[in-house]
Amino acid sequence: DGGITQSPKYLFRKEGQNVTLSCEQNLNHDAMYWYRQDPGQGLRLIYYSQIVNDFQKGDIAEGYSVSREKKESFPLTVTSAQKNPTAFYLCASSITGGGYTFGSGTRLTVV
Amino acid sequence: QKEVEQNSGPLSVPEGAIASLNCTYSDRGSQSFFWYRQYSGKSPELIMFIYSNGDKEDGRFTAQLNKASQYVSLLIRDSQPSDSATYLCAVNIRGSYIPTFGRGTSLIVHP
């Protein structure tokens, strides 16, 4: 079955540590996205990619980095520069301009 | 002025009633409109999309688009307690294939 897989489901980060969130899709979608969701804040776009080896910053890219070396994969690294990383991170994919298929999300907590 | 606005709710309706969720948007050139359902602690799921003026029906769900008045609505007939969730409206603003999300409306269907 086609879908989009995020891992891990829960992640704990120590101060000053970089962590990487995985996102893989087998829907053959060109576009992939990363969002952050905080309680009461709605979805905020971090990065997006329309094609392999190309990506653009979203509204809150500071402290995050991404890569798109394969069509199926779009990992997100939360760097130590991100001062308030505790949130629910959502990866999504779509055909260009179409509705999103979301992954199940990763809950990141700073310890 | 926010680009996509939704009443945060909660909207409370009795089981079996029609739930009406509304979304207004600011850009008259918006092309595509999406409704997502998000259960507490879970990721959003696409439930409806609409591109043309008028109504689009899918089972108990009807999306209504009025471009002249710049609103899109989601009607849920015969509401069930399992429909209790947050409903996110997303709009592709003119010139962008990245949707702008509203903050969502919380729906509670009580037995």
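**Strand pairing, sheet and pocket**

Tutor: In chain A, strand β3 (residues 19-25) and strand β8 (residues 76-78) run antiparallel and are joined by 3 bridges. The model is predicted, so local features need pLDDT of at least 70 and side-chain atom pairs 80 or more, while totals for chains, interfaces and linings use all residues. Residues count from 1 along each chain as written, chains are lettered from A and ligands numbered from 1 in written order, and side-chain values use heavy atoms, without hydrogens or water.

Within this pairing, A:V19 has A:V78 of β8(A) as its bridge partner. Strands are DSSP runs (E, at least two residues), and two of them pair if DSSP finds at least two bridges. The pair belongs to an open, antiparallel sheet of 4 chain A strands, ordered β1-β3-β8-β7. Its edges are β1 (4-7) and β7 (64-66) of chain A, each pairing on one side only. Direction ignored, neighbouring strands of this sheet are turned by 20° against each other on average, using axes fitted to C-alpha atoms.

The largest pocket holds about 1000 Å³ of space and has 44 lining residues; nearest its centre lie A:Q41, A:G42, A:L43, B:G102 and B:R103. (A pocket is an open set of 1 Å grid points for a 1.4 Å probe, with protein on both sides within 12 Å along at least five of seven lines; lining residues have an atom within 4 Å of a point.) Strands supplying at least two lining residues each include β4 (31-38) and β9 (87-94) of chain A, with β1 (4-6) and β9 (85-92) of chain B. The most comes from β5(A), with 5 residues.

Note on methods
Points joined across faces, edges and corners; volume = space filled by probe spheres on them. Axes fitted to C-alpha atoms, helices over the stretch in contact; angles between N-to-C directions.
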